[in-house]
Amino acid sequence: MSRALVVIPTYNERENLPLIVARVRASVPEAAVLVVDDSSPDGTGYLAEDLAANDDAVRVLHRTTKDGLGAAYLDAFAWALERGYDPIVQMDADGSHLPEQLPKLLDALRSTDASGRPVDVVIGSRWIPGGTIENWPRHRELLSRWGSAYARTVLRLSTRDATAGYRVFRAQALRAIHLEDVHTRGYGFQVDMLWHARQARLVVVEVPITFVERVHGRSKMSPMIVVEAMFKVTGWGIAGLFRRAEPADAKALRG
């Protein structure tokens, strides 16, 4: 493998960023870190520049607008692919994804499935045996479980934690997904990526993780964001039904 890149999107994460970057560097010293800041009013982007000035493995990508987590990740993926990083990791800045568990996810990427195919995507999963959550209120857990179950059912996904944000992608997997076709910018981005991975017939595995609720700052998640994402999932599911029902000759004409 080439050098791994850990992508950490930020918006008002000044309190959390130094510690999470230090923990990533300690857990996977050979990996680089890319902080993607959406012009945080609290100065997170400036702090990221200070971290980069003192560590050659840290890079900063500044975005001028806050237009969603998905948009930040898509910009980061393009940046990483252009520079030859492989694999590419998604990780939250708030400490909910434990950097100390990243070696386990990277190890899983080096495995194969039952038929001997190499793994393309690794999901850090809360909802498989061994996965746990800490300090989450019951309503947050139920909302997350319901969202994953709904997406899994409607889109026929095998992944138990469809909304998980702790992920590792091979570079070739991101290319196979055709990122230009991923249009979701908000919370539904995680499900959108899995749906495209399924369509590309990628091998996706889940590894149990411990998910910890943030200590500093406020969560950017809300019930309305989840509901909006589920409306998108419903639309994708309906579109998928029409594609499966499309006559063979129509498919041939389409491409």
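The model is predicted, so local features need pLDDT of at least 70 and side-chain atom pairs count only at pLDDT 80 or more, while totals for chains, interfaces and linings use all residues. Residues are numbered from 1 along each chain as its sequence is written, and side-chain values use heavy atoms, with hydrogens and water left out.

Let's start with helix α7, residues 189-199. Helices here are DSSP runs of H or I with at least four residues, strands are runs of E with at least two, and both are numbered from the N terminus. Helix α7 is mostly covered, with nine of its 11 residues buried. Buried means under 20% relative accessible area, exposed means over 50%, and partly exposed is in between (1.4 Å probe, protein chains only). The buried stretch takes in Phe189, Gln190, Val191, Asp192, Met193, Leu194, Trp195, His196 and Ala197. After α7 comes Arg201, which has a positive phi, near 60°.

Now for the charged pairs. Side chains of opposite charge can pair when their charged atoms come close. A salt bridge here is a side-chain nitrogen of Lys or Arg within 4 Å of a carboxyl oxygen of Asp or Glu, and searching the whole structure turns up 11 of them.

Take Arg63 and Asp38: their closest N and O atoms are 2.6 Å apart.

Arg126 is buried, with a relative accessible area of 7%, and Asp161 is buried at 0%.

Within helix α5 itself, Arg145 and Glu141 are four residues apart, which means about one helical turn separates them. Their side chains form a salt bridge at 3.0 Å, N to O. Arg145 is partly exposed at 39% relative accessible area, whereas Glu141 is buried at 13%. Elsewhere, salt bridges with shared partners join Asp38, Arg63, Asp67 and Asp75 into one network.
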